[in-house]
Amino acid sequence: MYYSGKGVPQDYAEALKLFRLSAKQVFAGAQYNLGIMYLNGKGVLQDDVLAHMWFNIAGANGDADGSENRGKLEKRMTFEQITDAQELARRCIALNYQVCE
């Protein structure tokens, strides 16, 4: 079972905007919540690759739930999807969170 978002409001457009701004400031909780939004298709199109990328980044920034959800999500992903998600995460971090999606 996946953990729910950490305070994801029902106004998904506003949440997406705020989480993206916070994610750029390396706030792991916002990065985790972006993973939840992509995992569940709330406010965005459902996308396991982007969910994995955000969980991976959140985990790298200290969010244990992000690491745990990334591992659970990998069980339903292909090798190619995981590879794509990892490359997106590396690029996002290397570009100071300015190009992440």
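The buried residues of helix α5 are I82, A85, A89 and C92, where buried means under 20% relative accessible area with a 1.4 Å probe and protein chains only. Seen down the axis of α5, these residues line one face of the helix, because they fall within an arc of 90°, the arc being that of the directions from the helix axis to the C-beta atoms. The model is predicted, with local features needing pLDDT of at least 70 and side-chain atom pairs counting only at pLDDT 80 or more, while totals for chains, interfaces and linings use all residues. Residues are numbered from 1 along each chain as its sequence is written, and side-chain values use heavy atoms, leaving out hydrogens and water.

The face of α5 turned away from its buried side carries F79, E80 and A94, which are exposed (over 50% relative accessible area). The buried residues of α5 pack against α3 and α4. Just after α5, N96 has a positive phi of about 55°.

| Helix | Residues |
|---|---|
| α3 | 48-60 |
| α4 | 64-74 |
| α5 | 79-94 |

Helices are DSSP runs of H or I with at least four residues, numbered from the N terminus.

The largest nonpolar core has 28 residues, of which M53, W54, F55 and I57 touch the most other members. Such a core is a set of buried Ala, Val, Leu, Ile, Met, Phe, Trp, Tyr and Cys residues joined through side-chain atoms within 4.5 Å. Its largest share, eight residues, comes from α3.

Apart from neighbours within four places in sequence, W54 is in contact (heavy atoms within 4.5 Å) with residues including A23, L34, Y38 and C92.

How values were computed. Helix = DSSP H or I, 4+ residues; strand = E, 2+ residues; numbered from the N terminus. Expected span 1.5 Å × (residues − 1).
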